Structure formats: C-alpha cells, structure tokens
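Please keep the viewer open as you read.

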Amino acid sequence: MGKHQAGRRALGTLFRGLVLLLAIGLVAGAGWYVLRGDETAGDGRTCPTTLRVVAASSIANVVSAAGRTLRAGTDCVLVDTTNADGRPAAAQLSQVSADLWIPDDAAWDTLAPPQFLAAKGTLNAYDTLATSPIYMVTDPATAEKIKVAGGGWLALANLLNAHTSGVKLAVRNPAMSGDGMVAAGAVGEAVWLEKGMDASSLALANMLPVTRTVNHDLAATPGAPGEVGLIPEYALLATLRLAQTDRRYVIGTDHTALLRYTWLPSAAAAKNPKRAAALKRLYAAFTSQEGKRALAAAGLRGPDNIRPTFDGANVLPEPTAKPFEVLAPHHVQHIFATWDPEDRRSNLLIIVDIASTNGSTSAPGNGSASPGTTRQQPIDVLKQGCRQLADLMPVGSRLGLWEVSTGQPGYRKLLPTDRLDDTTRTTFTRSVGNLTVHRAGPGLLDAIVAGYQSIRDDWRDDMFNQVFILTDDQNKDSANTQAVDEMVKKLTELKNPDKPVTISVVVLSKKDAADRLKNSLKPMDAYVDNAVNADDVQAAFIHVVAGGLHE
C-alpha cells in the first residue's frame, strides 16, 4: 500500500464516525439542508432521470440554476441537491447515494468513501468548476505589518509564530468548510515550502493559541485590531457595500490561497449510461448563460479565474501570485490534527536511543542561544518532547515507550503499548523520567524490528499505527551495512499490506547517518530525517501525532 493510499484509508476509517456525528449536528442547526427538485418537470410530466448531487453551500444555488436548464423535453433531468460542507459532506455521499459531489475544494476527496469517486478524467472528474481566492482582512496597522514582513502567507505565518508581534488570526473551522481548511492550510503550506514539513507542523501548533476559530458565522471577520481574518472572495463580495471603511484587504504576494470547486462524479454513476448522460448535460449547463449568471451572482470566479463583475469589487487587489497546489491527504490530516485532538489518535510506540562513550553528550543546539548559554542535553530534549506528545494525544490512543540499552536483548520496554487514559498518561510521564543515557552498543536495529512487529501484531484499524525512533547513532549502526540490510530484510518479511505500520526515524545532529538510513529503509516507505536543533525535535514530536512523519 502506497503512502497516500494508506493515508486515505486511515483518514476514511478514522473519521467515518466523526463525520456522521458532525452531519447530525448540522442537521439540527442551519448548516445543512436539501434543495429538492420537483418530482415532475412542472407540467405534470415525470422526468426519467433524477441526479442526486451533494454540493458546498456556496455553490448550491449555481447547481440549482444549472439544473433548471435540464427540465425541458421528454428526456428532462431533475437535480436533487443536498447542501453540505466539509466533513459532513463526505458522510452524505453514501447516505443519499450521490451521483455527484461538488465540494468547495479538491482536497476534500480524501474523505470520500473508498472507491466511491470516479477516476480522474472520467466524466470530467476533478475538473474545476469555479474558484475563489482567499484574502487576509485586517486593520491598516496590521496590514502594514504584513507588508513589511514580506506581504505573503509566509509573512503572516512568521508574525503569528512571533507571539510578541500582536498579530492574531481568525479562521473558519477547517473541518467544516474549505474556507477554513484552505486558509489554515495556506499558512502551513507557506512554511512547508520555505522550511520543510517539520517546521510547518511546529508553525501550525504555535499559531493555534493566537487563533480564533469561527464555527457558526458565515465568514471569519476580524473582530479587533491586530486580528487577521481569512475570508474568500465570494464572501467578501456579498458584504462589500457594508464593509468598514478602515478595513484592508491583503492578497498573498508569495502564493494565492485558492478554493477550487471540483466536479467529482461517483464511480457508480459513471458506469450507468443513463446517469452518465445526465451528468454530461449538467456539466455543460454550468457554461450556459443561466449557469454563468448564477456563478457571478454567487461571487464565484469560473475555471478561468476571472473575477465576476460586482459593485465595489475594485477594493480587492487582484491575485497575481501562483496558487498553492491542492493540499495532499497528509497535509489535510495535519491541519485537522492541529485543531482537533481526536485527529491525533494513534497506536504509537516510541523507541529512544541516546548513547555516549563518555556518559554524556551535547544537545542539538537551538541555533539562537547566546554565548555562554547552557545547551540542553539530548536526553532532556527528548523527555520534553515525549511529555508534550502524550499531552497532545487523546484518551483512547495507545502509547508505549522503549529505550535501547546494553545487555540482551538490547532494549528495555519501559512501558508496553497500552490504552491511554489519565492513569496510563501519568505512568508514561513517570517512565519518560526514567529514560537514561546508555553506553554506545548494539541494540537499535533489533529494537526497530521488535517494535515494528509489536505494533503490527497490535494493529488497530481506527487509528494510525506507528513506530517512532529517535537516535543519536553513537554506535554508528547506520554505517553497519550488513546489519542494516538484515534489519530491512526482517522488516520486509513482517510487512503486511492490510496492516500498514509507519516507521519514522529522527537522527540527532548526524545528517550522514540519516541519509544512510533513509536510503536503506526505502523498501519500508519509512520517513528518516536529521534534527539539528531542539526546535526540530519538538516539531517531529508534534508532527508524529498528526498521523505520522512521511513525505
């Protein structure tokens, strides 16, 4: 099973129950409703085909308008539209036997039931029907801060991470709309592209305490000086006449955060000649005059990304930067896990290997310490990371802790993997305190094999299954080609495609060792990286609870 395939499977399994609960909650509120077409064409005739469509609320009226063009003639088509956003929309696909899904971004496809959607290119699958760029909306002084810092999404991320800047964020709940998912993702993506995956995980975690999550309002409107609201163009166009005169609209100069309303037919509909023909007609209807007028009235751009004519729209600067790519499944999971503890549910074993021939070792420096400042010891950095990780994981996860040691079998099970609750969390914290620096010696490679087998045998289908190894490679295990090859051979024999287990290895301050292990562990799709400072280690711990460290 490939990395993205495993990620999609884990996401689908992990969130199925949650999205159903969310959908039920929205039914009780105002965020979910059904726009039902008449059972007849309006003149007493019964249409031979009814298409069931699940659409994002911000494009539902466009779907309805396009559908009305299909009601004429003896081969008329009725379009029955369920209006649902975010995760609840994915739950609706099976419930209403949807023929078509039009989410407000292509990245939502990762939550669709397995094999539900038609393959890319089939019946125009994955074509973009409409777009809407996302703006940073704030007061003049804060807009100037963003401009001075660089004017883009990376500038915003840096200001949010520098908690002394006074800049705060308002964003819609990423699980409930593309407005929130793509907007929050833009902050993380800017850091990812500039500084890498681990830095992105740390940036999102650091910005959450200065972020106000909007769960009910239509837009993340800034509420106080210093707050930056992330709002798509379609929502701004609807309120421009009422906009405050002192408000500033900033578009990213490094990248454009872009909602992509995506045409996603179901695999079943694609195989049904009658429904496939109806879907082709509905697709064409979006380019009809009525469809184009509805798109403009909704404040949405077409696939050509040209802004609709709207009074007052000239106050919004036109995007010029290249759009971010569609968020990959692991990136989406990363965003969800930042906001919701339930998305950090894992079956996780941590293996720690810190050794030195003289009984002590220098810590990876944080890169910012002034001369004479005491640097943290690696074992203390790892202890801090372990405690933070345990605090981030929700009750019901599974967590274990081993350490490499001298003697046989070369490792100690400080805490066997067990269900995490208040009692075991306390026990884990106590076990972390017992982690020690050991003399350099063999044991790491055997511990990895045994740990992998342990998690595989205890595999859980409702959470991510992972082995997370932290080592300073003092024993130079990475350079022992024969021993590493033997380890990989054993791991390959243990590998079960139906029970995927992620291996993540972080090597402290030894890039050459990390490179050797990364190359050797390719058959296991393992993630291997080098941590050069304490922030790198912290980021690795934060990211592992977001569903595993992988590219």
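## An antiparallel helix pair

Helices H2 and H11 are roughly antiparallel to each other, a label given to angles over 145 degrees, while those under 35 count as roughly parallel, 65 to 115 as roughly perpendicular and the rest as oblique. H2 covers residues 60-68 and H11 covers residues 289-297; their axes come within 8 Å and cross at roughly 165°. Here an axis is a line fitted to C-alpha atoms, for helices over the stretch in contact, and angles run from 0 to 180 degrees between N-to-C directions.

On the H2 side, Asn 61, Val 62, Ala 65 and Arg 68 meet Glu 290, Gly 291, Ala 294 and Leu 295 of H11, where contact means heavy atoms within 4.5 Å. This contact of H2 with H11 divides into four nonpolar, two polar and two charged residues. In this scheme Ala, Val, Leu, Ile, Met, Phe, Trp, Tyr, Cys and Pro are nonpolar, Asp, Glu, Lys and Arg are charged, and the others, Gly among them, are polar.

## What kind of model this is

This is a predicted model, in which local features need pLDDT of at least 70 and side-chain atom pairs count only at pLDDT 80 or more, while totals for chains, interfaces and linings use all residues. Residues are numbered from 1 along each chain as its sequence is written, and side-chain values use heavy atoms, with hydrogens and water left out.

The chain has 18 helices and 16 strands; these are DSSP runs numbered from the N terminus, with helices (H or I) of at least four residues and strands (E) of at least two. Of the 551 residues in the chain, 56% are buried, meaning under 20% relative accessible area, with exposed over 50% and partly exposed in between (1.4 Å probe, protein chains only). Among contacts in the chain with a separation of 6 or more, 79% come from residues 24 or more positions apart.

## Two further helix pairs

How do H13 and H18 pack? Helix H13 (residues 378-392) and helix H18 (residues 534-544) have their axes 9 Å apart, at an angle of about 25°. H13 and H18 are therefore roughly parallel to each other, and H13 passes H18 in a right-handed crossing. H13 brings Val 381, Leu 382, Gly 385, Cys 386, Gln 388, Leu 389 and Leu 392 to the contact, and H18 brings Ala 534, Val 537, Gln 538, Phe 541, Ile 542 and Val 544. By class, the contact of H13 with H18 has ten nonpolar residues, three polar ones and no charged ones.

Helix H6 (residues 178-195) packs with helix H7 (residues 197-207) at an angle of about 145°, and their axes are 7 Å apart. H6 passes H7 in a right-handed crossing as well. Ala 184, Val 187, Gly 188, Val 191, Trp 192 and Lys 195 of H6 make the contact with Met 197, Ala 199, Ser 200, Ala 203, Leu 204 and Met 207 of H7. In the contact of H6 with H7 there are nine nonpolar, two polar and one charged residues.

## Aromatic rings

How many aromatic pairs does a search of the whole structure find? There are five, where rings of Phe, Tyr and Trp (its six-membered ring) pair if their centres lie within 6.5 Å, and planes under 30 degrees apart count as stacked, over 60 as edge-to-face and the rest as tilted. The rings of Trp 263 and Tyr 283 have centres 5.1 Å apart and planes at 80°, so the pair is edge-to-face. This pair links distant parts of the chain, with Trp 263 in strand S10 (residues 258-265) and Tyr 283 in helix H10 (residues 273-285), 20 residues apart.

Trp 263 is buried, at 0% relative accessibility, whereas Tyr 283 is partly exposed at 23%. Trp 263, Tyr 283 and Phe 286 form one aromatic cluster.

## Loop residues

Leu 123 lies in the loop between strand S4 (100-102) and strand S5 (127-138), and counts as buried at 14% relative accessibility. Beyond its neighbours within four places in sequence, Leu 123 is in contact with Trp 263, Pro 265, Ala 270, Ala 276, Leu 279 and Lys 280. Leu 123 and Ala 267 are 144 residues apart in sequence and 9.7 Å apart in space, C-alpha to C-alpha.

Asn 305 has a phi near 65°, a positive value in a residue other than glycine. Asn 305 sits in the loop between H11 and helix H12 (329-339) and is partly exposed, with a relative accessible area of 29%. Lys 476 has a positive phi too, near 60°; its place is in the loop between strand S14 (464-471) and helix H16 (481-494). Lys 476 is exposed, with a relative accessible area of 59%.

Key: Left-handed = near helix turned anticlockwise from the far one by under 90°.
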